[in-house]
Amino acid sequence: MFAYIIRRIFAAVVLLLVVSAVTFAIFFLLPRFAGETTDQLAAQYIGKNPSPEAIAAVKSNLGLDQPLYTQYWNFLKALVSGAEYKFGPEPATCHVPCFGYSFKNHLEVWPEMTSRIPVTISLAIGAAVLWLVSGVTTGVISALKPRSIFDRLSMGVALAGVSLPVFFTGALLLTLFSYEWPILDNLEYVDFTDDPLMWARNLILPWVSLAFLYSALYARLTRAGMLETMSEDYIRTARAKGLAERKVVVKHGLRSALTPIITIFGMDLGLLLGGALITEQVFSLKGVGQFAVQAISDNDLPKILGVTLLAAFFIVVCNLVVDLLYALVDPRVRLS
Amino acid sequence: MTDLNKTAADAVQDAPRNPAPAGDPFLSVRDLRVHFDTDDGLVRSVDGVSFDLHKGRTLGIVGESGSGKSVTSLAIMGLHRSKRAGITGEIRLDGEDLIAAGPDRVRQLRGRELAMIFQDPLTAMHPYYTVGQQIVEAYRVHHPQASKKQARARAVEMLDRVGIPQPDRRVDDYPHQFSGGMRQRAMIAMALVNDPSLLIADEPTTALDVTVQAQILDLIRDLQAEFGSAVIIITHDLGVVAELADDILVMYGGKCIERGPAETLFDAPEHPYTWGLLGSMPRLDRELQERLVPVKGTPPSLINVPSGCAFHPRCPYADLTGGRSSSELPVLTEAAPGHHAACHLPVAERHRIFAEEIAPRL
Amino acid sequence: MTDTQATEAAAIPSSTPADVREPLLKVTGLTRHFPIKGGLLRRQTGAVRAVDGIDFTVNAGETLGVVGESGCGKSTMGRLVTRLDEPTGGKIEFEGTDITHLGVGAMRPLRRDIQMIFQDPYSSLNPRHTVGTIVGAPFKLQDAVPEGGLKKAVQDLLELCGLSPEHYNRYPHEFSGGQRQRIGIARALALRPKMIVADEPVSALDVSIQAQVVNLLDDLQRELGLTYLIIAHDLSVVRHVSDRVAVMYLGKVVEIADRDSLYSGPMHPYTNALMSAVPVPDPRRRQQGGRERILLKGDVPSPINPPSGCRFRTRCWKAQDVCAAQEPPLATLKTGHQVACHFPERSEGNE
């Protein structure tokens, strides 16, 4: 088991390195394929109408004139040990982990990006709790009474949930509860540590609209998993012991039915932590997703690279946690 | 080897091993019907089955896939939950009708008075709980006052009783860490943890190897002798019933077509289907036959059971009934003491055919 | 081709000693180890020794039955012989040609000659194909155009296997288990193979249907001069179909003999235990004490770390020190009867 964990962590690190190399290659090669010269890249760090000398200086300071693999190596080195940049009058120290400076506002990428993380985590975790509880409950009840009115109704709603995009449900919720009946107006992100109540109040609409999409999916998954599990032989054995049906469902059925859900949940959560692009946009939340959208529309390569790596990091970590959880839940995985 | 067996068998022929007991039967099934309403039509899985079983005795229910043998056992256990299953008739356990009793009452009896072991012990045990946890759970449902420690001690005791080595250590193993034979032993321990009066074993050895099968059959026999419970063993294997059963019930197309004491049923089977079963299986205890004699055709669909005798399309002697076999449902009638068969052929005719055509081949 | 073969097979008197005939299939020292990886670097830490050095021959026109319990390696052996799996060591010769390590392309012509029948008639047929497509597939795979057209050839095969030619356009789900197994057999016969390897061909079928399929296999062997290698766990079925029988235990052949010799006088303790364990449909037998039965203790040891010397010694009631120290070779103790045991039963041949 210990060897397994070590191996998994090692694999995760390798995976992150690969992701960084690929994104690095894509984002630094693409502009050149599009015809942008290194001069133009360097020019983005200087004010308007830069002199050729200034460009050349910045270029060499940033290492843009070096071969790509040297640039990648420098990028990695900066990540772990920081770097010094000289594109202005004074040298700027880029702290560990150094993702470089933005092309647009010339700020360090990392601190700006990390300041967005609490918003995204609040959004993702809150929505995840909501959709897990509602989705799994609905799925279980539907599975226990297949073809009942509840089943048909909830599966109908679930279908709608899967098909309706967040920018529709989110906008609808905002219109209804912020403008039509202003129960929840002036939605501004408040840090949990400052005021938990306001934090929850102002996030409730984004949570609901995001959770609606996912709980629909989870309800369908849970229903399918539960229907399959309840026809297993060991469920019959549990009933043959004379266990009460509630115990059969919860202790024997649900535990097996939920195991595959863990895998999907890990992936979904990982993806969301890398930024819930649309939801953050709809509710004007300054999260990682909005940061990414901004970076892309600005063509701000260092930021894009940073946010891609952050997203990859969350996905890799979530998957690692899921696999370890899996081993915890299923002794067959743990003991083989 | 074969000759030796025959002489030994002849020597004990006159001593019935387990005489049929008097008094009220412990389990009495009357006209049991289990019908399922499916999209394709009404499936008559069990269609009028009756039998009695006394404590301390073993009933073997034999049949091929789709004969209704497993459906019968699940009906006795009250494990048909689908609303689409229509169950009628009487299942009296110690005088109490289980079909009329509410589901809660049947649940109380399940696991305490009625216990069951299943075909595949790997899928029949929950993969996430240790063997011990599963046995403890079975014990504590019906002994809520027992502490966890007592229940665990009981689980270890039962594992020891069914022959698991180092039970105090193996009790904490998961099912996948057991071998197939040990898993089935653990299943038996779980079924017997509450000293049930009726044990139903549904194909208990089909998933096991022969040498393990021999161990398990031996174990079931020993445990029954020790606890004196009634046992129903359900199988497709005539060899397995011959090992265990005192009485045998042969099912075909959802109906009981022959029922009688094990010795007479094997010595002088009455129904052409039983003849067919015996004739189609290769046997190690007989001279090698040049050719097996299969039953022609295939088992019937339970949605479209053939009219009259369900076996008539496959029966080589259907022509001898003057057309009755395809038009009239045969009823179980006593052909010899305690031995019933549902066949239109006159008893004398059956005995003649068996003596002249069937017996020499077996 | 088939006719001459059939007459050849028929012309050979069955009493001819096995070694005089030219073997169709010869297996020497066949081994298959499945590697187990473990530790931090996933290096190979051991191996499941599924098949661990077995020798046997199958002569043209005869049936060799292979029995053993689950995990003894009999199915792996079948997959090796048909080259569905790559042997770790040893040699497989078919009609004198070494086929041990032939690649997919080089195996292709041989696939005509060696065919396989599987256990599960439900999962071995593609549910989306008609019977005609399934049975005709081998012709297409081998680019063979049968005389009289494909459809005619398939219908002939169906008829040969006791199905109706009208079944040509039906789908597998419309058939019962026994009929599906017939479809599987028809497919195997399409290219007129010389040898058929059947892995548990009847064990998924109902008793009354088993006999139909066993008889069909019998008839086809007689008509087409086929050679069978039949792998099964059921000793009574194997006795019925085989000319010679090999008994496997933990990746080894422990006894191989002519059918009658084996069943009337098994010499290996394991074979004895196996035979005595088979339940017999005769309730009187258990009354007469029934305890001539040999009940083996415990379970089969792990094939990852098999016992030293004789692999059966841990469960054998006759085991001595020599059994742990020395592996008994497969030795001929009687004409056509080889046993790997230090203390074989009935070794004086007083049966």
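Guide: A polar contact is a pair of N or O atoms within 3.5 Å, and within protein one must be able to donate a hydrogen and the other to accept it. Keep that in mind for this predicted model.

Visitor: How many residue pairs are in polar contact between chain B and chain C?
Guide: Apply the rule just given. Both residues must also reach pLDDT 80 or more. The count between chain B and chain C is 14 residue pairs.

Visitor: Which element gives the most to the side of chain B that touches chain C?
Guide: Several helices of chain B each supply at least two residues to that side. They are α1 (2-11), α9 (210-227), α10 (238-244), α11 (262-267) and α12 (272-280). The top giver, with eight residues, is α9(B).

Visitor: How many charged residues are on the side of chain B that touches chain C?
Guide: Sort that side by class. It has 25 nonpolar and 13 polar residues. The charged ones number 17.

Visitor: Which side chains meet in a salt bridge across the interface of chain B and chain C?
Guide: The rule finds one salt bridge across this interface. It needs a side-chain nitrogen of Lys or Arg within 4 Å of a carboxyl oxygen of Asp or Glu. Here the N to O distance is 2.9 Å. The partners are C:Asp219 and B:Arg291.

Visitor: What area do chain B and chain C bury between them?
Guide: The size of an interface is often given as the accessible area lost when the parts come together. In this model, 55 residues of chain B are in contact with 45 residues of chain C. Carbon and sulfur atoms hold 53% of the buried area. The total is about 4,700 Å².

Visitor: What volume does the largest cavity have?
Guide: Rolling a probe the size of a water molecule over the atoms shows where empty space is left. The count comes to seven cavities of 30 Å³ or more. The largest has a volume of about 100 Å³.

Visitor: What separates the C-alpha atoms of A:Ala43 and A:Leu254?
Guide: A:Ala43 lies in helix α2 (residues 38-43) of chain A. Leaving out residues up to four places away in sequence, A:Ala43 touches A:Pro50 and A:Ile55. A:Leu254 is 211 residues away along the chain. The C-alpha separation is 59 Å.

Methods. Residues are numbered from 1 along each chain as its sequence is written. Chains are lettered from A and ligands numbered from 1 in the order in which they are written. This is a predicted model: local features need pLDDT of at least 70, side-chain atom pairs count only at pLDDT 80 or more; totals for chains, interfaces and linings use all residues. Side-chain values use heavy atoms; hydrogens and water are left out. Contact means heavy atoms within 4.5 Å. Buried area is the accessible area (1.4 Å probe) that two parts lose on being put together, summed over both. A polar contact is a pair of N or O atoms within 3.5 Å; within protein, one must be able to donate a hydrogen and the other to accept it, and residues adjacent in sequence count only if both atoms are side-chain atoms. Helices (H or I, at least four residues) and strands (E, at least two) are DSSP runs, numbered from the N terminus. Ala, Val, Leu, Ile, Met, Phe, Trp, Tyr, Cys and Pro count as nonpolar, Asp, Glu, Lys and Arg as charged, and the others, Gly among them, as polar. On a 1 Å grid over the protein atoms alone, a cavity is a set of points where a 1.4 Å probe fits but cannot get out, and a pocket is an open set with protein on both sides within 12 Å along at least five of seven lines; lining residues have an atom within 4 Å of a point. Grid points are joined across faces, edges and corners, and a volume is the space filled by probe spheres set on the points.
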